[in-house]
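Here are my notes on this one, jotted down as I went through it. Have a look at the model first, then read on.

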Amino acid sequence: MDFVISGASGFIGSALSRRIAEMGGRVTPLERSDFLPENETALAAKIAAADVVVNLAGANLNARWTPQYKREILSSRVETTRRMVEAVNSLSRKPALFVSASAVGIYPSEGCFRDSSPTRGDGFLPYVCSKWEGEAAKVSPDVRLVITRMAPVLSRTGGFFPRMRELFGKGLGARIGNGRQYFSWIMLEDLLRIYCWIFTNEKICGRVNCVAPQITDNRTFSRQLSREAGASVLWIVPKCALRLLLGERAVLFTEGQCALPQLLEESGFRFAYPHIYEAVADLCKRDYAIE
């Protein structure tokens, strides 16, 4: 199979590209220059050769959210998706599948939500996710569309976890506030397996919550990481302190969502890491026990 991937050089995109290559697939990465208005024809030509198009492009959220950078967060997702969809729709021979990323951050911080839930939270991140998904939904009905609503991805080699593991190992780990805010998560290995599951299961379409089935919270995750990292102290950081330090970006830590992988489980997908205990133990390379 031939794949075209935007965001192929990123944390998830590079891992997915390697996995596809291991499966015998061929990956064509899209570059930033492909999305310039003058390269519209070239973009369509690249996509025309693909069986599957995967859209993972988007500016990193882990930066200061100035008004200018917030516009970058939004446009890097919405404009890229719009151009990819326009290119797909312009083709006489269209890809069979268009997979476009989103995030569980679209949901409110209270309540638990299945893939089919139309509920949207308030604030900047739900707005970005809604606009992002809205552009993907404009793809031709001739193309199977899957929107992967991803939870924070845990991995030893990328994302936020390596830095967090380092801090906890130095005794600087902390829970945020009372720690009761939901923490949806997914191991990178399971996320890659989910994408491969989507590629080969034609009945999967629409929104898919890419989350581990265990519902957990910041307190449980922080406590388990503290134990596995061998830390003797777990500090408490007040939410107000994070808001003063990080501004609006603090919502990434002070709020969380409870998303349930109903569609994946009903389709027969089996998680390699369903529990946070075994996931953190594996990330820290130690044995674990569920208490």
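1. Where does Ser 130 sit? Its place is in helix H4, residues 124-136. Helices here are DSSP runs of H or I with at least four residues, strands are E runs of at least two, and both are numbered from the N terminus.

2. Before going further, the ground rules. This is a predicted model, so to speak of local features a pLDDT of at least 70 is needed, side-chain atom pairs count only at pLDDT 80 or more, and totals for chains, interfaces and linings use all residues. Residues are numbered from 1 along each chain as its sequence is written, and side-chain values use heavy atoms, with hydrogens and water left out.

3. Buried means under 20% relative accessible area, exposed over 50%, and partly exposed in between, with a 1.4 Å probe and protein chains only. Setting aside neighbours within four places in sequence, Ser 130 is in contact (heavy atoms within 4.5 Å) with Ile 106 and Arg 120.

4. Six strands form an open sheet in the order E2-E1-E3-E4-E6-E10, with parallel pairing. At the edges are strand E2 (26-30) and strand E10 (206-210), each pairing on one side only. From one strand to the next, the twist averages 20 degrees. Two strands are said to pair if DSSP finds at least two bridges between them.

5. How many bridges join E1 to E2? Strand E1 (residues 2-6) and E2 run parallel and are joined by five bridges. Ile 5 stands opposite Pro 29 in E2.

6. Now the helices on this sheet. Helix H1 (residues 11-22) lies across E1, E2, strand E3 (52-55) and strand E6 (144-150), and runs at about 170 degrees to E1. Helix H2 (residues 40-48) also packs on the sheet, where it touches E1, E2 and E3, and its direction makes about 165 degrees with that of E2. Axes are lines fitted to C-alpha atoms, for helices over the stretch in contact, and angles run from 0 to 180 degrees between N-to-C directions.

7. Helix H7 (residues 218-228) deserves a look too. H7 is mostly covered, with eight of its eleven residues buried; Phe 221 and Leu 225 are among them. The buried residues of H7 pack against strand E7 (153-154), helix H5 (161-169), strand E8 (174-176) and helix H11 (276-283). Just after H7, Gly 230 takes a positive phi of about 75 degrees.

8. What is the angle between H7 and H11? They pack at about 35 degrees, and their axes are 10 Å apart. On the H7 side, Thr 220, Phe 221, Gln 224, Leu 225 and Glu 228 meet Ile 276, Tyr 277, Val 280 and Ala 281 of H11.

9. Finally, the whole chain. There are eleven helices and twelve strands, and 50% of the 291 residues count as buried. Among contacts between residues at least 6 apart in sequence, 80% join residues at least 24 apart. The C-alpha atoms fill a box of roughly 60 × 40 × 30 Å along the principal axes.
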